[in-house]
Amino acid sequence: MRAVGYIRVSSEGQVDNWSLDAQRRAIEDFCTGRGWTLTEVYSEEGRSARSDAISRRPELQRLLTDADRKAFDAVVVHSLDRWGRNLLVTLQSLSRLAQSGVSFVSISEQMDYSTPEGRMVVGMLGAVAQYFSDNLARHTSKGKRERVMQGLYNGDLPYGYAKGPDGIPNILGEEAELVRQMFHDYAGGMVS
């Protein structure tokens, strides 16, 4: 059987850690264990599976187009939440695979989407993944709102600052001096 893998991480910050490599290894091991030929691994780096529609996930789009062309027989993912955390996107993309005659396998959940039971389980797990993601977003927003109310920063610190032990941004001497120099050069017309 010709199989492809699909791996994904949500943010650019996760691209450099080991998650993509771990997902890839699990898919390779799974395919080897089944005697399947892994022909390609589609890697979606820094794409949210919660909010991003299929149209905003180029590797998923390419995978689905290749499935329509019958370029492979099965898609293997490490876990369903790597495929999608938006129930509508999950069901639309899995339906498209089914229409193309392509099987879908999630290693962690040990599911086969080609059976009625598998489709039911995928629907339930997709709903749970979306709930988890929506709930996490709500709690994150609540935490960010509280930080604002306390006068604290939100998000990444700009160049020239570092988080101090008390959680308050501190100016970094060398970097701050460089920022001052760049501003001075720009304000003085030395840089366009």
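**Salt bridges in this model**

Let's start with one residue. Asp-81 is partly exposed, at a relative accessible area of 21%. A word of caution: this is a predicted model.

Who is the partner of Asp-81? Arg-82. Their side chains meet in a salt bridge, with N to O at 3.4 Å. Arg-82 counts as buried, at 12% relative accessibility.

Now the total. How many salt bridges does the structure hold? Eight.

Next, Arg-69 and Asp-66. They form a salt bridge, and the closest N and O atoms are 2.8 Å apart. Is Arg-69 buried or exposed? Exposed, with a relative accessible area of 56%. Asp-66, on the other hand, is buried, at 9%.

Which residues are linked with them? Glu-40, Glu-59 and Arg-62 join Asp-66 and Arg-69 in a network of salt bridges.

Last pair: Glu-177 and Arg-180. This is a salt bridge too, with the closest N and O atoms 3.5 Å apart. Where do these residues sit? In helix α7, which covers residues 173-187. They are three residues apart there, so about one helical turn separates them. Both ends are partly exposed: Glu-177 has a relative accessible area of 44%, and Arg-180 comes in at 47%.

To recap: eight salt bridges in the structure, with a network running through Glu-40, Glu-59, Arg-62, Asp-66 and Arg-69, and a pair within helix α7.

Methods
Residues numbered from 1 in each chain as written. Predicted model: local features only at pLDDT ≥ 70, side-chain atom pairs only at ≥ 80, totals over all residues. Heavy atoms only, no water. Salt bridge = Lys/Arg side-chain N within 4 Å of Asp/Glu carboxyl O. Buried < 20%, exposed > 50% of the residue type's maximum accessible area, 1.4 Å probe, protein only. Helix = DSSP H or I, 4+ residues; strand = E, 2+ residues; numbered from the N terminus.
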